[in-house]
Amino acid sequence: MAMLWKFMRVAKFSKTALSPKVKVRGIPTHSRYFSSKSVPSDFAANTPCSNTVELLGKAYPQDDYSNVTEKILSKVGKNLHNTKHHPLWLIKEQVKDHFYKQYIGRRGTPLFSVYDGLSPVVTVQQNFDSLLIPQNHASRRKEDNYYLNRDHMLRAHTSAHQWDLIHSGLDAFLAVGDVYRRDTIDNTHYPVFHQMEGVRLFSCHELFSSIKDGEGLQLFEQGHRTAHKQECHTMEAVRLVEFNLKQVLTKLMTHIFGDGLQVRWVDCYFPFTHPSFEMEINFQGEWMEVLGCGVMEQQLVNSAGAQDKIGWAFGLGLERLAMILYDIPDIRLFWSEDERFLKQFIVPHIWQKIEFQPLSRYPPLINDISFWLPSETYSKNDFYDLARTIGGDLIEKVVLVDEFTHPKTGCAQICNFCRLMRTKKVSHCYRIIYRHPERTLTKDEVHRIHQAIEESAVRELGVEGRF
């Protein structure tokens, strides 16, 4: 599963058009797929007739960056993390309850404030620039994000709210919400998932007050950046912030998964923290990554108006924790309305142990699709997004099973197999596994969906079918 911040860590991280009108909270809609008599009405579309998309009461003009589909925008406003007794709500409430009770402010009130209703529509500046993510960083690509236009997007992480919340004067908070990324299709990846961001800032007095003879210690210095600290931080300050961060997160995971939990820390890189770590836990004999964290980049903290403070930040995925804790096998189940799934999480208190009973495993139907790639730039995420839009949650997994370069391409003559001189012609074959988590699919309905995917791939992505 794509974890918070891992999106930014990977060195290598579309042509899909935006729905002209998106039905969100009663706003009318037209599908982005053109009508075709060979495509069933459930998957076909009307011709686009608007240059704006309306979302959460606001209109956003479309441009060459717009790539959000109606399927994705239909998820906006669902707020599974705020739906009582939903498994994601349970995880959120458990984390919130732990922080409320474990960390008390000077006035006897919870130290950490919680924000779980922030709009998922953010600016590119909020999502990237405020977090010091370089302009040429791969995480900004259209292939990996859902853009409303060049200036606005669906947040790719809850870190998009860090700067604003710090700028408002907060120094200890949790931010929770739905996030959106174009990604692969399997049982642990979904284009919409939920994250929690945690931030804690310290003044010099707060950090060193409990240290014997700590009056002379300082947060900042003019030094050099190393693998262990930023150039502006003293080693004493970094060590205490790092210790506090790891202690807080170890207590949290132990509280959720139980005493005796084994934890280890892996050094990594994020643009907005240094040093940075991934936390792994040993659960039922297997090491699993659960979150990313680190000492916040001082440039970010300073720009938000907290120049006299140093801090840490972490981010975790609610689905990731829920799938581990409850042994939920398929991320699509979080969007299920099946009572057999939902009723298992109706418990009298949030800490009650739940032994999840899997739903019946329905048989899969498997179809392959092969096509020659267009000569212009092509992204696998373009095809994954198209398949999701048409097949929805009936698709369990899509995997690239073969990549073939025609041996006659690259020759010095133009032929049917080589449209452009000396241009390699590449074919992809994807295996699509259809399996509904709640019922048995029929061959006929899968055939209709698969045919719609084939025809839309040719029309929308410019591929040449081999079917």
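This is a predicted model: local features need pLDDT of at least 70, side-chain atom pairs count only at pLDDT 80 or more; totals for chains, interfaces and linings use all residues.
Some ground rules. Residues are numbered from 1 along each chain as its sequence is written, and side-chain values use heavy atoms, with hydrogens and water left out. Local features need pLDDT of at least 70, side-chain atom pairs count only at pLDDT 80 or more, and totals for chains, interfaces and linings use all residues.

Start with the helices. Helix α7 covers residues 235-257 and helix α9 covers residues 318-326; helices here are DSSP runs of H or I, at least four residues, numbered from the N terminus. Their axes are 11 Å apart, at an angle of about 40 degrees. Axes are lines fitted to C-alpha atoms over the stretch in contact, and angles run from 0 to 180 degrees between N-to-C directions.

Which residues meet? From α7 they are Met 253, Ile 256 and Phe 257; from α9, Leu 321, Ile 324 and Leu 325. Contact means heavy atoms within 4.5 Å.

Now the rings. The structure holds 20 aromatic pairs, meaning rings of Phe, Tyr and Trp (its six-membered ring) with centres within 6.5 Å; planes under 30 degrees apart are stacked, over 60 edge-to-face, the rest tilted. Tyr 326 and Phe 345 are edge-to-face, because their planes stand at 70 degrees, with centres 5.3 Å apart. Tyr 326 is in helix α9 and Phe 345 in the loop between α10 and β12, 19 residues apart.

Last, charges over rings: NZ of Lys or CZ of Arg within 6 Å of the ring centre and within 35 degrees of the ring normal. Lys 142 sits over Tyr 65 at 5.4 Å, and Arg 388 over Tyr 190 at 5.2 Å.

Technical notes
Helices (H or I, at least four residues) and strands (E, at least two) are DSSP runs, numbered from the N terminus.
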